[in-house]
Amino acid sequence: LLHALARSYRVGDNDLHSTASIGLAVYPNDGEDGETLMKEADTAMYHAKSLGRNNVQFFTAELNDAAVKRLTLERDLRTAVESGQLELHYQPQLDSRDGRVVGVEALVRWRHPRQGLILPAVFIPIAEETDLILSLGEWVLNEACRQLRAWRDLGLRDVTMAVNLSAHQLYSPVLLTQVAQALAVHGLEGADLGLEITESVAMRDPDASISRIQALRELGVRLSIDDFGTGYSSLSYLKLLPIHILKLDRSFVRDIETDLNDVAICTATIALAHNLGLAVVAEGVETEAQRSLLCSHGCDFMQGYLFSRPLQVDAALAFIRERQAA
Ligand code: C2E
Ligand code: MG
Ligand code: MG
């Protein structure tokens, strides 16, 4: 079937190509009625797609377990926002020169009533595939602004808040209003807020990104490209994106002490960013050697377990105060 379907089709003057992803469920082991078998074949087909398409997968019990688990999580996630199960943790971002805390990045966690703390890598993709990401993202934005306001009222100055944006949010027509409202409601200025957009999301539709980012920038908000180096940046677009910061991805920082290629990538990225007038934040700095190497190459800001893990709100405030006092 795969072979037959992969042959080209003549449509008008064009030869068109298409491939198939096939899922199989077999009677009677997998199920005894048509409805069950079709549902299982469908699950297997989605698995075939996720493996890169153009292949055949059989339905298995593990696939079923994974599908059921996912559906359960998706169902639970639908009520997580309203029932207050989401929380933000805050990871400090430090100035490389003097170790001052210049900001924090808000990272969302889900305190699931039965499964405990769930990390965003598990539920953000589910939220992204459904419409849930919009309400989740809006909650994060508001909660982060509320928290910064509360810190400001406690006398904390000079610390900014960075929030991660999903693809749906970036391309959503209501984003601009949401950001402007969150700032206004909590009495913050644009410059108090940073928004992080992953490279792959920004490059998905570069022309649209440029206009969205420009509009956000006009509010005074600082824009970062997150996970830089892992997407497929077109450098001609990078220079057009009205951003302020490149965040050097953790995967390059990790082996910087042992892998000369990673050293080359880090130093070249720092130089590229500086030549484009952008600042650089290194992500995932875990060792003193990584810190001093990045520092010697002029990396502006750093974030990582060496300084602090993402912290709950009280611990974050204590960390910032301790650093400011020092
Ligand atoms: P990210 O924005 O690149 O955030 C950095 C991630 O690296 C965080 O993982 C952080 O805990 C982790 N990290 C920081 N320093 C170190 C280090 O020194 N070593 C190691 N091994 N890891 C470090 P986390 O919190 O699990 O978040 C993962 C991703 O989930 C984030 O990557 C971001 O893309 C996404 N995310 C988190 N919160 C939100 C949110 O509110 N909205 C959206 N759309 N995405 C979010
Ligand atoms: Mg981020
Ligand atoms: Mg990142």
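Visitor: Where does D192 lie?

Guide: D192 lies in the loop between α7 (175–185) and β9 (193–198); helices (H or I, at least four residues) and strands (E, at least two) are DSSP runs, numbered from the N terminus. Quick heads-up: this is a predicted model, where local features need pLDDT of at least 70, side-chain atom pairs count only at pLDDT 80 or more, and totals for chains, interfaces and linings use all residues. Residues are numbered from 1 along each chain as its sequence is written, chains are lettered from A and ligands numbered from 1 in written order, and side-chain values use heavy atoms, leaving out hydrogens and water.

So, is D192 buried or exposed? D192 counts as buried because its relative accessibility is 12%, and buried means under 20% relative accessible area, exposed over 50%, partly exposed in between (1.4 Å probe, protein chains only).

Leaving aside residues up to four places away in sequence, D192 touches L148, R152, T160, M161 and R222, with contact meaning heavy atoms within 4.5 Å. Look at R152 in that group: its side chain and that of D192 are joined by a polar contact of 3.0 Å. Such a contact is a pair of N or O atoms within 3.5 Å; within protein, one must be able to donate a hydrogen and the other to accept it, and residues adjacent in sequence count only if both atoms are side-chain atoms.
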